[in-house]
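Q: Please walk me through this structure. I want to learn how to read its features.

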Amino acid sequence: MARGKVLSAYRALLKATRKTFSGDTMMLKESAVEVRKKFEENKNVSSDAEIQKLLLEAEEASHFITNMIVQAQLNSDAGSYVVKPGKEHAGATLELPTEETIRKSG
């Protein structure tokens, strides 16, 4: 039973990253690597309570990736980026990265 739920959570996270980062090869690859890494780190967890906690975290991560992240697209004509939130982003707050936040994350 738990194995099926774990596989379902894994697939949901990958689906969320594929949708959110569509067209961004680097982010698609890196996010898939990170998702796999997190699941591998916890592959020996046997406590039902801990598994349920991890499944909840995976569900929350899928929701966050799907509903709170919008991938900006380069408008090569204007030389700028365009953000087009979808209906799943309704109610989210738009936070544009600054040079400082980009440096800190890199």
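Q: Is phenylalanine 39 buried, partly exposed or exposed, and what is its relative accessible area?
A: Buried means under 20% relative accessible area, exposed means over 50%, and partly exposed lies in between, using a 1.4 Å probe and protein chains only. Phenylalanine 39 has 21%, so it is partly exposed. This is a predicted model: local features need pLDDT of at least 70, side-chain atom pairs count only at pLDDT 80 or more, and totals for chains, interfaces and linings use all residues. Residues are numbered from 1 along each chain as its sequence is written, and side-chain values use heavy atoms, with hydrogens and water left out.

Q: How many aromatic pairs does a search of the whole structure find?
A: A pair of aromatic rings is described by the distance of the centres and the angle of the planes. Rings of Phe, Tyr and Trp (its six-membered ring) pair if their centres lie within 6.5 Å; planes under 30 degrees apart count as stacked, over 60 as edge-to-face and the rest as tilted. The search finds 1 aromatic pair. The ring centres of tyrosine 10 and phenylalanine 39 are 5.1 Å apart and the planes lie at 75 degrees, so this pair is edge-to-face. Tyrosine 10 sits in helix α1 and phenylalanine 39 in helix α2, 29 residues apart. Helices are DSSP runs (H or I, at least four residues), numbered from the N terminus.

Q: Which residues make up the largest nonpolar core?
A: In soluble globular proteins, nonpolar side chains tend to be buried together. A nonpolar core is a set of buried Ala, Val, Leu, Ile, Met, Phe, Trp, Tyr and Cys residues joined through side-chain atoms within 4.5 Å. Here the largest has 9 residues: Ala9, Leu13, Leu14, Ala16, Val35, Ile51, Leu55, Ala58 and Ile65.

Q: What does threonine 17 touch, not counting residues up to four places away in sequence?
A: Contact means heavy atoms within 4.5 Å. Threonine 17 touches Ser22, Leu28, Ser31 and Ile65. This threonine lies in helix α1, residues 2-20. Its relative accessible area is 2%, so threonine 17 is buried. Its side chain reaches the backbone oxygen of leucine 14 at 2.8 Å.

Q: Which residues of α3 are buried?
A: They are Ile51, Leu55, Ala58, Ser62, Ile65 and Asn67. Their cover includes α1 and α2.

Key
Helix = DSSP H or I, 4+ residues; strand = E, 2+ residues; numbered from the N terminus. Polar contact = N/O pair within 3.5 Å; in protein donor to acceptor, adjacent residues only side chain to side chain.
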